[in-house]
Amino acid sequence: MDLTNADLANTGLTKKVALVTGASGDIGGAIARCLAAQGANVILTYVGAAEIAAQLAMDIEQAGGNAWAVQLDQRDPEAIEALMDQVAAKYRRLDILVNNAAWNIGIPFPNLDDLTADIWDRVLETNLRAPFLLARAGAKLLKAQPGSHIVNISSAGGISPGSSSIAYSSSKAGLNHLTRCLAVAMAPNVAVNCIAPGLVENTRMAQRLPDNVAQGARNQAVLGRVGQAGDIANQVLTFVTSSSITGQTMVIDGGMPGAMR
Ligand SMILES: NC(=O)c1ccc[n+]([C@@H]2O[C@H](COP(=O)([O-])OP(=O)(O)OC[C@H]3O[C@@H](n4cnc5c(N)ncnc54)[C@H](OP(=O)(O)O)[C@@H]3O)[C@@H](O)[C@H]2O)c1
């Protein structure tokens, strides 16, 4: 597929190319469907859930969109470079990178001994190092498209100390700051923003939260509801259709006072 700038004169995201990591997950799937519905060609990554990713790609194609599901273990720096080479060869452009994939495991904060070095490394490599490596590997393609975007999916646990584990909370705090650093590093052609969801109902990741953490999020949401996957997807769309926002983190959690900054 060889797209020209004339193709991109269309409104919406028609013919733009968006890479959504972790699209086999609940929130990534919603983001991919949303961007595809706006006309973007979507690249969907998964690490193990090949069938879910293939079904998502089929659904998008049947709805008239264009999707490519591709396996990526984003803990592997060489795999990230290889994927970006494939993107360059197949599409010759990249307009949107959504760093959505992440890994968590429920370890209550006081259980320090349960948070092993291996778990720490797996969380940090997946949730923080990989978004940097994906941005770095995609920088040439993204910078070649003025008005391109990176959106990082973080967590309210990266703002206030909570969520599934200390490692996860720390990884997301790092991702919030990586967003600001990349916004400076990749300007003016690439806007870099971040979404920090609180508890997102009906997701597998939310099910891995300790019960008291999940219920606490519901109780503290001043709007009386926490987020849904569609709320996150809509905010991604808002960021990628804006041309004057960069370096920002938007919390979507139903209004938890602890994450209001
Ligand atoms: N759900 C929530 O309540 C919540 C709250 C705050 C923030 N978030 C954030 O929202 C984002 C999406 O969460 P979700 O609820 O949709 O999670 P999810 O359903 O568990 O999906 C996680 C995705 O990440 C992929 N992944 C995991 N390890 C990977 C690796 N090593 N390499 C590449 N991909 C990998 C998974 O691939 P496979 O499916 O192939 O395993 C899956 O596609 C994450 O960044 C998460 O931290 C979620």
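Reply: The model is predicted: local features require pLDDT of at least 70 and side-chain atom pairs count only at pLDDT 80 or more, whereas totals for chains, interfaces and linings use all residues. Residues are numbered from 1 along each chain as its sequence is written.

In total, 28 residues surround the ligand, the closest being Gly22, Gly25, Ala49, Ala102 and Met205; a residue is near a molecule or strand if its C-beta atom, placed from the backbone, lies within 6 Å of it. At least two residues of this shell come from each of helix H1 (26-37) and helix H6 (204-207). Helices (H or I, at least four residues) and strands (E, at least two) are DSSP runs, numbered from the N terminus.

Asparagine 202 is found in the loop between S6 and H6, and its phi is near 65°, a positive value in a residue other than glycine. Most residues other than glycine have a negative phi, and most peptide bonds are trans. Asparagine 202 is exposed because 9 other C-beta atoms lie within 10 Å. The classes rest on C-beta atoms placed from the backbone: a residue with 20 or more others within 10 Å of its own is buried, one with 12 or fewer is exposed, and one in between is partly exposed.

Serine 163, in the loop between S5 and H5, also has a positive phi, of about 85°, although it is not a glycine. Serine 163 is buried, with 26 other C-beta atoms within 10 Å. Glycine 162 is found in the loop between S5 and H5 and counts as buried because of its 23 C-beta neighbours inside 10 Å. Not counting residues up to four places away in sequence, glycine 162 touches Gly157, Ser169 and Val213; two residues are in contact if their C-beta atoms, placed from the backbone, lie within 7 Å. Glycine 162 and alanine 217 are 55 residues apart in sequence, yet their C-alpha atoms are 9.8 Å apart.

Helix H5 (residues 166-186) has 21 residues and reaches 29 Å from its first C-alpha to its last, close to the 30 Å expected; the expected span is 1.5 Å times one less than the number of residues. Its buried residues include Ile166, Ser169, Lys172, Leu175, Leu178, Thr179 and Leu182. An α-helix has 3.6 residues a turn, so residues three or four places apart point the same way. Helix H4 (117-143), strand S5 (148-153), strand S6 (190-197) and S7 are included in what covers the buried residues of H5. Between H5 and S6 lies a loop that holds proline 188, and the peptide bond from alanine 187 to proline 188 is cis, with omega near 5°.

Glycine 247 lies in the loop between helix H8 (229-240) and strand S7 (249-252). Leaving aside neighbours within four places in sequence, glycine 247 is in contact with Thr179, Arg180, Ala183 and Val192. Methionine 205 is 42 residues from glycine 247 in sequence and 26 Å from it in space, C-alpha to C-alpha.

A nonpolar core is a set of buried Ala, Val, Leu, Ile, Met, Phe, Trp, Tyr and Cys residues joined through C-beta atoms within 7 Å. In the largest such core, of 77 residues, Val20, Ile31, Leu35, Val42 and Leu44 touch the most other members. H4 gives the most to this core, with 9 residues. Apart from it lies another core, of 7 residues, among them Ala102, Trp103, Val123 and Ile166. Beyond its neighbours within four places in sequence, valine 42 is in contact with Ala18, Val20, Ala32, Leu35, Ala36, Ile60 and Ala67.

As for the chain as a whole, there are 8 helices and 7 strands, and 50% of the 261 residues are buried. Of the contacts between residues at least 6 apart in sequence, 74% join residues at least 24 apart. The C-alpha atoms fill a box of roughly 55 × 40 × 40 Å along the principal axes.
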